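Subject: Structure handover, pockets and ligand

Hello,

Here is the structure I promised to pass on. Please open it alongside this message.

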Amino acid sequence: PLVSGKVLFEKANEYNFAIGAFNFNNMEFLKAILDAAEEEQAPVFIQTTESAIKYAGIEYLAGMVHAVKDKYSIPFALHLDHGKHVETILLAIRHGYTSVMIDYSDKSYEENLKVTKYVVSICAALGISVEAELGKLVSVEDEVVSREEVLVDPEQAKEFVDRTGIDALAPAIGTAHGAFKFKGEPKLDFERLKKVKELTGIALVLHGASGVYEEYVEKINKYGGDIKGAKGVPDEELKKAVELGINKVNTDTDLRLAFISKLRELMALEKKVIDPRKFLKPAMEEVKNIVKKRIRLYGSQGKA
Ligand SMILES: O=C(COP(=O)(O)O)N(O)CCCCO
Ligand code: NA
Ligand SMILES: [Zn+2]
C-alpha cells in the first residue's frame, strides 16, 4: 500500500539499510519498479521530478499510482524529487504525494533554512515526510572546485536538521547526477558522510548514486548510441555508503540505461516490427531486472 515516507525513513534508519528511490515518468517504468519491489518484498520510494510532471502531467503520474496502490503488498511512498518551487510541493500534496524533497541547495543557507522550515510546518501537520539537501551535487575529482565549497559541512548539517525538523537529509559527498559522474576514479567523501550521520542521526539520502554498469553502456554504444566514458558509483562504494548511514538511494540513470540499451538493440535488429509493445515490454523487463539488482545491493529485499 501507499504509505508516508516517514515510516520508510524511520525503519531504514533504525535497521541500517537503504531503500531504493526510483524515478518514473511513464507507465512502463512505474510498473517495472513496483513489480520488482513486490517480487523482492522490498519497500520503495517511487519518485517524480518537476520535469517528469512537466512531461506527463501530475494527473497521469499520481493517477496511475492511486489506481494501483492497493494491488501491491509492499509499503511504498510517492515522493516529489528535487522540488525546487513551493508551488510544486503544494501541487504534489494536493495529488496525494506522501513525501517531498524541497531542494534549495542552490540558494543561500539562510534561504534554504527558511523555506525548508516552511515546508516542514505544512508537511508535518499532514504526516508527509520532508527531505532537503545541503551542498552541491558536483563530482569533486577535478580540483577546479574545492571540496569545502561544494560538499556538505557536517556542523552546518547538524544545525540545519535541528532548526528545520526535516525527516531526511541529502548531504553532498561527491556524487553527481547522470551517466558521467567521474572523469578519474570515483571519490566519495566517506569521512564527511560519517560525521554527518554522527552529528544528525537522521535518515540520509544519496543522490547521483547510479552504478552506470558497463554492460548497458557497451550495448548502447554497440547499437547506435554514443556514451563513451560513462562512469558511475561502483557497487562496493555504494555498499560502504549504506554501511555509513545512507537510508535512501536515488536511482534514475541505471533505469534509463537498462531501458534504452534494450530499446536500441531491438530497434536495430527487429526491422519488421511496428508494434511498440514488442519493444517496450522487453525494455520494461530490463528495468525490472535492474531495480531488483539495486534493491538487493541496498539491502532492502525482504524488508517490506
Ligand atoms: O539523484 C538522482 C539520480 O541520480 P542518478 O543520475 O545517479 O541515477 N535523482 O534525484 C533522480 C533525478 C535526477 C535529475 O534528473
Ligand atoms: Na529526492
Ligand atoms: Zn538527485
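What follows covers the pockets and the ligand.

Please keep in mind that this is a predicted model.

**Largest pocket**

Start here. The largest pocket holds about 590 Å³ of space. Its lining is made up of 36 residues. Nearest the centre are Asn23, Thr49, Asp81, Asp252 and Arg256.

By class, the lining has 18 polar residues, ten charged and eight nonpolar.

**Ligand 1**

Where does ligand 1 sit? The largest pocket holds it. There are 15 residues around ligand 1. Asp81, Lys181, Ser210, Asp252 and Thr253 come nearest. Two of these names, Asp81 and Asp252, also belong to the set nearest the pocket centre.

S3 and S8 each give at least two residues to the shell around ligand 1. The shell has eleven polar residues, three charged and one nonpolar.

Polar contacts worth a look in the viewer:

- Thr253: an N or O atom of its side chain is 2.6 Å from an oxygen atom of ligand 1.
- Asp252: a polar backbone atom is 2.8 Å from an oxygen atom of ligand 1.
- Ala209: a polar backbone atom is 3.1 Å from an oxygen atom of ligand 1.

How much of the accessible area of ligand 1 does the protein cover? On its own, ligand 1 has 410 Å² of accessible area, and the protein covers 89% of that.

**Second largest pocket**

The second largest pocket holds about 170 Å³ of space. Its lining counts 17 residues. Leu134, Gly135, Lys136, Glu149 and Gln156 are the closest to its centre.

Helix H6 (109-126), strand S5 (129-134) and helix H7 (147-150) each supply at least two residues of this lining. Which of them gives the largest share? That is H7, with three residues.

By class, this lining has six nonpolar, six charged and five polar residues.

**Where to look**

To begin, centre the view on ligand 1 in the largest pocket. Then step through Thr253, Asp252 and Ala209. After that, move to H7 for the second largest pocket.

Best wishes

Methods: Residues are numbered from 1 along each chain as its sequence is written. Chains are lettered from A and ligands numbered from 1 in the order in which they are written. This is a predicted model: local features need pLDDT of at least 70, side-chain atom pairs count only at pLDDT 80 or more; totals for chains, interfaces and linings use all residues. Side-chain values use heavy atoms; hydrogens and water are left out. On a 1 Å grid over the protein atoms alone, a cavity is a set of points where a 1.4 Å probe fits but cannot get out, and a pocket is an open set with protein on both sides within 12 Å along at least five of seven lines; lining residues have an atom within 4 Å of a point. Grid points are joined across faces, edges and corners, and a volume is the space filled by probe spheres set on the points. Ala, Val, Leu, Ile, Met, Phe, Trp, Tyr, Cys and Pro count as nonpolar, Asp, Glu, Lys and Arg as charged, and the others, Gly among them, as polar. Helices (H or I, at least four residues) and strands (E, at least two) are DSSP runs, numbered from the N terminus. A residue is near a molecule or strand if one of its heavy atoms lies within 4 Å of it. A polar contact is a pair of N or O atoms within 3.5 Å; within protein, one must be able to donate a hydrogen and the other to accept it, and residues adjacent in sequence count only if both atoms are side-chain atoms. Accessible areas come from the Shrake-Rupley method with a 1.4 Å probe; for residues, only the protein chains shown count as cover. A molecule sits in a cavity or pocket if more than half of its atoms lie within 2 Å of its grid points.
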